[in-house]
Amino acid sequence: GLERGAKNQFSTFSSFITTINQKKEGIGNRNSPTQLVIPNIKNVRDLPPICLDVRQKQRISIDTLPQELKAPIPPEPSLPVRTKTVKDFEDDVEKAKSSGDWKPVHDFYSTTFDSFMEINAAFKKDTSSPFNTIDDSGINAKFVNIVYDALLNTPQDVQKSVLKGIINGLLQEWKGPRTKDDLRAYCILLQNPQFSNTSTYVIYAHLLRQIAALTEADHHFLVHWSKKISQKRFKQLVDRLLQFISLRLFPAKPEEFPPMVKCTWWIPSATKVLALFNAANSLISPPIISYTDFYNSTLDHIDLMEEYHNWQCYGNSHRFSFCQYPFIISIAAKKVIIQRDSEQQMISIARQSLVDKVSRRQKPDMNMLFLNVKVRRTHLVSDSLDELARKRADLKKKLKVTFVGEAGLDMGGLTKEWFLLLIRQIFHPDYGMFTYHKDSHCHWFSSFKCDNYSEFRLVGALMGLAVYNSITLDIRFPPCCYKKLLSPPIVPCDHNTLVGICDVTLDDLFQIMPELAHGLSELLSYEGNVEEDFYSTFQVFQEEFGVIKSYNLKPNGDKIPVTNQNRKEYVQLYVDFLLNKSIYKQFAAFYYGFHSVCASYALLLLRPEEVEILVCGSPELDMSALQRSTQYEGYQKTDLTIRYFWDVVLGFSLDLQKKLLHFATGSDRVPVGGMADLNFKISKSETSTNWLPVAHTCFNQLCLPPYKNKKELKQKLIIGISNAEGFGLE
């Protein structure tokens, strides 16, 4: 009904739309509120993470703006007096439903949405109060929600009157800065559920254009007001904007919209407004919705590398790129960008090696195109360290691993096994590089001082090589580690610049040492006399190789008592000491190792959580999804052996399921694209049923003999997956 009715109304409203377009063209380059301004870092400081320039050295914090902006606030015009309450409106709707007389409801909607002033008169909590703060928008959210919930169930003429009123408001001539009443009206209009319908997209686009073109100070208010919206409504707003972008990119009915060449500003405007909601979401802890709810999977199907190259070439200039707004790009799409960028770097390095060889009149060798690592199983860490140190110039080539004395040809499986064995050995508690915290089930850097931190650099390089070669690693680092790894995301040119240092909080410590963090939290909330009862100073103690060492958290810290007044400072300095200062040299080596392989502007697109997923994959296993995506060779999925197999596997414990995945693929983690990305295959093995299953990890292939019954299959499968280390059985 609405779709048909709304389409017909555009013949009536065509003059309004034409007028809008004429005004935009006539205004030209003047500072019109309806003219979209693509963020330019030279004259606009955007709210993070609205727009991130590759040339920026730091992310700008939204909190750098004062609570109350000192810019002069334009006087609010006096509003009409509207006395209708929520109950009055609900009574009118109920009467209209029973009597069929919708005139009172029609009059309310047509009056309320006729102008920005009327919107404020209806929905402002107190028309006599200015509400000029970021803390309170002054909007009666309950009334707004009820009015919008009822709107889609009203007759078509009522819905058309709302759209007509919105057009009238958008056509208003603006003189001078916007008032807070104007911002309130924008905030309310954005929540209109009618904009979920494609027939209203022309009006919606002009609304988004005006909001996108507001000043930074106005955006600041909208961001803080938006974080007060309920989770349900907030998610609806985000989904509506994502749908608008998707349907403009790939319209189901292209004739519904103006030609793309005439509305190139639609997508930039919507993305900029979406960025305001992303900024609002990031101000709340925990966030209102997950950061993944801002992903637009439609972007997976556009030319991402063109977007990436535009961003690299033009930064945040007037040329729009989705890479300016990385929150909208899914982790799967970011992985594609990183992989293709790494492939291009690999090809470039390999080509240069070939040219150098030919120029010296030496015979080209295919091995020169790869990073060839030869190691002995008995000296895995030392051999790997020597190989990577010697071949530092080749780190961006495709990795190939050879185990000395073994006949295996590396088609991917040996590389995976090398990673797994090396990580397992380095992270063993006896090795002393990392400390395993049982309470949080994660590893953290040992603070023990040593003469050489090259092994930490090796671990960083391993993580970089894993990302570069699309290998998932079974590493248990806390989220804080990945935040430090992106501090900064691009290695600074000045080697004196500190790296791996980031703002850390008690929440970060909770993820690593929950017991200690709980104790510090208790200290902060202690109601007694901290100085007399705890008798602590700004000094901490650590045991290193059986010797207790003391460290001052600040100059003369051993002489400064911890009191009720300075305990917050003490806790912050203690957390900073544990997570930054005490492990600085270890983490700096780790940081440089990672970036020696992964140095790329593509890292600017990533959140710390996304780096973790790229490195480690996801630990969440869905064996039913694996069953659905599995391919078969020599078997049909209806064969008895296959049915036995899946009955057994789906009944396995999580530990056995991980062993099966490790046995068949070389890793017990799920890649970014999910189980389907494993390309898992079960092949029929024409051998005796006395044999165990065999896996080709380089092809993610399981060779399964046709066992006669489920009991035999389960027994042989468990034996096989529990004894799976090495190239072949010895």
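Helix 8 (residues 201–212) packs against helix 11 (residues 266–282) at an angle of about 60°, the axes lying 8 Å apart; helices (H or I, at least four residues) and strands (E, at least two) are DSSP runs numbered from the N terminus. Axes are lines fitted to C-alpha atoms, for helices over the stretch in contact, and angles run from 0 to 180 degrees between N-to-C directions. Helix 8 and helix 11 are therefore oblique to each other, given that angles under 35 degrees count as roughly parallel, over 145 as roughly antiparallel, 65 to 115 as roughly perpendicular and the rest as oblique. Their crossing is left-handed, the term applying if the near helix is turned anticlockwise from the far one by less than a right angle, with right-handed used if clockwise. Helix 8 contributes Tyr201, Val202, Ala205, Leu208, Arg209, Ile211 and Ala212 to the contact, and helix 11 contributes Trp266, Ser269, Ala270, Lys272, Val273 and Leu276 (contact: heavy atoms within 4.5 Å). By class, 10 of these residues are nonpolar, one is polar and two are charged; Ala, Val, Leu, Ile, Met, Phe, Trp, Tyr, Cys and Pro count as nonpolar, Asp, Glu, Lys and Arg as charged, and the others, Gly among them, as polar.

The model is predicted: local features need pLDDT of at least 70 and side-chain atom pairs count only at pLDDT 80 or more, whereas totals for chains, interfaces and linings use all residues. Residues are numbered from 1 along each chain as its sequence is written, and side-chain values use heavy atoms, with hydrogens and water left out.

Helix 8 and helix 11 also take part in covering helix 9 (residues 216–226), together with helix 7 (180–189) and helix 10 (231–249). Nine of the 11 residues of helix 9 are buried (under 20% relative accessible area; exposed is over 50% and partly exposed in between, with a 1.4 Å probe and protein chains only). The buried residues include His219, His220, Phe221, His224 and Trp225.

The contact involves Leu516, Leu520, Leu523, Leu524 and Ser525 of helix 19 and Arg567, Lys568, Tyr570, Val571, Tyr574, Val575 and Leu578 of helix 21. This contact comprises nine nonpolar, one polar and two charged residues.

Strand 3 (residues 434–437) and strand 4 pair in the antiparallel sense over four bridges, where pairing requires that DSSP finds at least two bridges between two strands. Thr435 has Trp444 of strand 4 as its bridge partner. The two strands form a hairpin with four residues between them, and His441 in the turn has a positive phi of about 55°. Strand 4 (residues 442–445) is covered on both faces, with Cys442 and Trp444 buried on one side and His443 and Phe445 buried on the other.

Strand 8 (residues 681–684) and strand 10 (residues 701–704) pair in the parallel sense over four bridges, and Ile682 has Leu702 of strand 10 as its bridge partner.
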